[in-house]
Amino acid sequence: MTERTTYLLVDGENIDATLGGSVLGRRPQPDERPRWNKLLSHAESSWHQPVSALFFLAVSDSLPLGFVQALIALGYRTIPLRGEGKVVDIAIQRTAEALAERDADVMLVSHDSDFVPQMTALADDPQRRTGIIGFQEFMSADLRGIEGVELFDLEYDVSAFTSSLPRVRIIEIDEFDPYEFI
């Protein structure tokens, strides 16, 4: 019997676009981007099993070699894609559909509602754990609404950033810490 695996499907474009467009309001500096090693560690420690991390990115004629090599060194399998349309979304959708045939758990790192059908199908399997990681206030309401999916915040749960981001979010009163504001 083989050990169960978590597949971590990273929509790199979506995370970068949300961070830059919605959180920071500008292109992120290198030190403001997620620490991808923290994401991998979080996935492993959350569900206490090995992780197969797939990082999907769109490319044109050349690879962002430094970034790809860094991801590979961290333990990610990079999947550079080129073609017409939303190639990253298409590849993640196909991967999620293929994972429905495997005895594996799935964590999606994205905010995009394009993955609702695939994540719903995965979550409908009572033997499978499913999760979505991102900035919760920017996640599609349809993604957040999938029954049985665990939600993880990229900053607060995963601790993927080296400093606090300028986010406005709803705070549960039991979690309110006035020292964060004074």
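**Exercise 1.** In which helix is Leu-39 found? Characterise its surroundings.

*Solution.* The model is predicted: local features need pLDDT of at least 70, side-chain atom pairs count only at pLDDT 80 or more, and totals for chains, interfaces and linings use all residues. Residues are numbered from 1 along each chain as its sequence is written, and side-chain values use heavy atoms, with hydrogens and water left out.

Step 1. Leu-39 belongs to helix H2; helices are DSSP runs of H or I of at least four residues, strands are E runs of at least two, and both are numbered from the N terminus.

Step 2. Its relative accessible area is 0%, so Leu-39 is buried (under 20%; exposed is over 50%, partly exposed in between, with a 1.4 Å probe and protein chains only).

Step 3. Beyond neighbours within four places in sequence, Leu-39 is in contact with residues including Leu-8, Tyr-76, Ile-133 and Val-158 (contact: heavy atoms within 4.5 Å).

**Exercise 2.** At what angle do helices H2 and H3 pack?

*Solution.* Step 1. H2 (residues 36-47) and H3 (residues 65-74) pack at about 30°, their axes 10 Å apart; axes are lines fitted to C-alpha atoms over the stretch in contact, and angles run from 0 to 180 degrees between N-to-C directions.

Step 2. H2 is therefore roughly parallel to H3 (angles under 35 degrees; over 145 is roughly antiparallel, 65 to 115 roughly perpendicular, the rest oblique).

Step 3. Trp-36, Asn-37 and Leu-40 of H2 make the contact with Phe-67, Leu-71 and Leu-74 of H3.
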